[in-house]
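Here is a short briefing for a reader new to this structure. Please keep the sequence and the 3D view open while reading.

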Amino acid sequence: MAERKKSVDAVIIGYGWTGAILAKTLTDAGLSVVALERGPARDTSPDFEFPRIADELKYGVRGDLWQPLANETVTIRHSPNDVAAPYRKYGSFVLGNGVGGAGVHWNGQLWRASPEDLNLRSHIEGRYGKKFIPPEMTIQDYPVTFAELEPHFDHFEKVCGVSGTAGNLRGQIKPGGNPFEGPRSDEYPTPPLPPIFAAQIFEKAAAELGYKSFPVPAANSSIAYTNPYGVRLGPCNLCGFCERFGCFLYSKASPQTTLLPILAGRSNLEVRTNSYVTKILLDDTGKIATGALYIDESGREIEQPAPLVILSAFQMHNVRLLLLSKIGTPYDPATGKGVVGKNYAYQMCAETAAYFSEDVEINPFIGAGAAGQRVVDEFNSDHFDHSQVGFIGGSLIYAGATGGRPIDQMMVPPGTPAWGEGWKAAIRKHYRHSAPLGTQGSVMSYRDRYLSLDPTYTDSHGLPLLRMTFDWHANEYKMAAYSASKMEEIVRAMKPEKQATILMRPGNPYDVRIYQSTHTTGGAIMGSNPSNSVINRYSQSWDVSNLFVYGASAFPQNIGYNPTGLLAGLAYFSAAKLLDAYLKSPGPLVQA
Amino acid sequence: MPAATLGALGIPACSDNRRTSASSSYAPTYFRSAEWAFIIAAVGRLIPSEGMGPGGVDAGVPEFIDRQMELPYGHGAYFYLKGPFLDNSPPTLGYQLRYTPREIYRLGIAAANSATQKLQGKDFAQLSAADQDRFLALMEKGETAFSTVPATVFFAQLLANTKEGYFSDPLYGGNRGMVAWKWIGFPGARADFTDWIDQAGRHYPYGAVSISGATDG
């Protein structure tokens, strides 16, 4: 029998970005809140202190900040008729863990979605006709517009001290920014860092080809900055220990560097770490959540009652907890009915390595997760005419090293031996003189790509693992090849001695062994009604109105941008509605 | 790169063939003596002392691998190792064996020595360098059949750990004296490029530092 704690006003499941945003919102409103985090407590000091954090093996390879797969992983199969195999070792994606979640080890590339990403189906149908969308493609519109989210994108950028250059300020196209972005109400809060050398060469090449490159919007603050909550961030020094690391300089925005300092002393907030939630509890009607059940560090099962439940774990964990709690109807690919687990999507990325001569000093170790990088957005979203290319979606194309980590990011040209004297000579010749470029591409959602519970494999508590059914579709192979051809064109103009591209081609199935993207999406998607979605426009469950679900699980299909800006915008949009309406009068915010 | 520059960086321009002496002071904890001979020999071929640049044995890679075997990593603590284990899952779905890294080495080294005994009547470590290279290539391509752990899995583990030991911070026992960092020009745990934000494209002149604060002079 579970120990039953005293009821609080709200329980938060998962204390990463969206958990922290909701913790602030709800405690500001005077609610008593308990946040349950499966991983350990983590803070800049002592957990990310220099020099211990500058350890590639520990953080970049073994992944000590990631979720330990030994306790819980996912299973993966390529199609609904296959047997899924456990994801036993990290490869394709890395999952966050502990206070701050994936917001600790992320890169800080903080994008908004493009306006047409949010009404994708109606936009594509309107521009290209209904037949342009293949029948198996299950993309749908968000039930919220860019204009509605814009103030919240703007706020979150200010919370994070994002460095960047506006490209569309209140409808006016500005030089040096992204001309394809939706109109923004304000500039970025901090100026961009100058381009690192690989990005400088890219910028010049892109300009020669007529493309408009601009700084990657970077939640790596470029200056000493105080955010709207009074929390101070420091200037990024391009230390190279950013992507996969916690920031020792208080430069990379994370819950620790933006939100948690003001929450730390609040008497109406209790954070319980090492608390592994196994179920959202429901009353007898199944329509009202009554709290969360979790297992604490010593293995005790504990019930935390609360009349408001915030599900703010990572995308996959949100979906798994809904399924374990039997909330909503699980998606069935045979009938297309049911919504929980529907529209899982991913990203498709390509890379081009540019190998320069030894007098070109790339210095790949000088860099950050986002700061100092440059990008072009011409071939993303619907920024170009798709009528002749035969696919939907697109990619951003970016240049800039993220640390030049020797174990994980050593670049040698194709044909170089993998070991022996030839390899040893090649690493010296190329390490300081090679530059990585990448595309980050959208993946659409499809009827046969979804999440469900695995019938065989379990976590360390005996509960079913989440099962992913995913492979690429023709649309994405075409999209990635098109994007890669544009990237290769830019790289040729950068005039390296050699260049080589890694690209998934038709016949290459999804390969979990290779890191590609942690931007997994869908499974608890947002939509206009209960038959096409798990949550409404305010992130509220259609089935259980006192349950709100946050994160990239809400995305009906994936975008060619990093997801954090969009999912934080959706969380702040919801938080505003909670304050305005829900907390005053709990109940469904949208009538089904 | 002229030899004079290499000398200034403290890197021997040619091999001085310290393959065995460099690791002789370290007594392995996990590996048994025949296994240890295999590790030293194999690392000595994967990153040889021949040619310019530090060899893996001189850099302490065997010690690194042995020490890793005693850490949670060696015991498989980073991996999901619950069954059932599928034997016909496509390779693109990743590692599906029951073995921890420790077990992969134990089984893989035994299988490798048994294969070289069959081929040439000697353990791997007793083969000539050229024969060792040929046998490593057979494992790499899966052209020798092991009855326990697949040769390709064992080889991939060995090569990955060898490169980890070569490039990781010296605190783990490899990359002694930061030799691998000096060789490629990686400044290690320096992590401060404030003064370089405006100097993109210039040669970076400073040497490596380690987490312990050691510098390369």
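**A parallel sheet in chain A**

In chain A, five strands make an open sheet with parallel pairing, in the order β11-β3-β2-β15-β23. The edges are held by β11 (269-272) and β23 (547-549) of chain A. Each of these two has a single partner strand, so one side of each is left without a neighbour in the sheet. This is a predicted model.

- Neighbouring strands of this sheet are turned against each other by 15 degrees on average, direction ignored.
- One pairing in chain A joins strand β2 (residues 10-13) to strand β15 (residues 309-311). It is parallel and spans three bridges.
- A:Ile12 has its bridge partner in β15(A), namely A:Ile310.
- Strands of a sheet pair through backbone hydrogen bonds, either parallel or antiparallel.

**An antiparallel sheet in chain A**

- Six strands of chain A form an open sheet with antiparallel pairing. Their order is β8-β17-β18-β19-β16-β22.
- At the edges stand β8 (214-215) and β22 (498-502) of chain A. Each has a single partner strand, so one side of each lacks a neighbour in the sheet.
- Helix α8 (residues 197-208) of chain A packs on this sheet. The helix touches β17, β18 and β19 of chain A. Its direction makes about 30 degrees with that of β17(A).

**Strand β18 of chain A**

- Is strand β18 (residues 395-399) of chain A mostly covered or mostly open? It is mostly covered, with five of its five residues buried.
- Both faces of β18(A) are covered. On one side lie A:Ser395, A:Ile397 and A:Ala399, and on the other A:Leu396 and A:Tyr398.
- Strand β17 (residues 374-376) of chain A runs antiparallel to β18(A), and three bridges join the two. A:Val376 has A:Ile397 of β18(A) as its bridge partner.
- Strand β19 (residues 434-441) of chain A also runs antiparallel to β18(A), joined by five bridges. Here A:Ser395 has A:Gly441 of β19(A) as its bridge partner.

**A buried arginine in chain A**

- A:Arg405 sits in the loop between β18 and α12 (406-409) of chain A.
- Why does A:Arg405 count as buried? There are 23 other C-beta atoms within 10 Å of A:Arg405, and the cut-off for a buried residue is 20 or more.
- Not counting residues up to four places away in sequence, A:Arg405 touches A:Glu56 and A:Gly60.
- A:Arg405 and A:Gly60 are 345 residues apart in sequence. Their C-alpha atoms are 8.1 Å apart in space.

**Chain B: eight helices**

- Chain B has eight helices and zero strands. From the N terminus on, its elements run α-α-α-α-α-α-α-α.
- Of the 217 residues in chain B, 44% are buried.
- Among contacts in chain B with a separation of 6 or more, 59% come from residues 24 or more positions apart.

**Two packed helices in chain B**

- Two packed helices are described by the angle between their axes and the distance between the axes.
- Helix α4 (residues 61-70) of chain B packs against α7(B) at an angle of about 110 degrees, with the axes 8 Å apart. Therefore α4(B) and α7(B) are roughly perpendicular to each other.
- The crossing of α4(B) past α7(B) is right-handed.
- From α4(B), the contact uses B:Val61, B:Phe64, B:Ile65 and B:Gln68. From α7(B), it uses B:Asn161, B:Thr162, B:Gly165 and B:Tyr166.
- The residues of this contact are four nonpolar, four polar and no charged.

**Where chains A and B meet**

- How many residues does each chain bring to the contact? Chain B brings 50 residues and chain A brings 56 residues.
- On the side of chain B that touches chain A, α3 (33-46), α7 (151-167) and α8 (179-184) of chain B each supply at least two residues.
- α7(B) gives the most to that side, with four residues.
- The residues on that side of chain B divide into 29 nonpolar, eleven polar and ten charged.

Conventions. Residues are numbered from 1 along each chain as its sequence is written. Chains are lettered from A and ligands numbered from 1 in the order in which they are written. This is a predicted model: local features need pLDDT of at least 70, side-chain atom pairs count only at pLDDT 80 or more; totals for chains, interfaces and linings use all residues. Two residues are in contact if their C-beta atoms, placed from the backbone, lie within 7 Å. Ala, Val, Leu, Ile, Met, Phe, Trp, Tyr, Cys and Pro count as nonpolar, Asp, Glu, Lys and Arg as charged, and the others, Gly among them, as polar. A residue is buried if 20 or more other C-beta atoms lie within 10 Å of its own, exposed if 12 or fewer, and partly exposed in between; C-beta atoms are placed from the backbone. Two strands pair if DSSP finds at least two bridges between them. Axes are lines fitted to C-alpha atoms, for helices over the stretch in contact, and angles run from 0 to 180 degrees between N-to-C directions. Angles under 35 degrees count as roughly parallel, over 145 as roughly antiparallel, 65 to 115 as roughly perpendicular and the rest as oblique. A crossing is left-handed if the near helix is turned anticlockwise from the far one by less than a right angle, and right-handed if clockwise.
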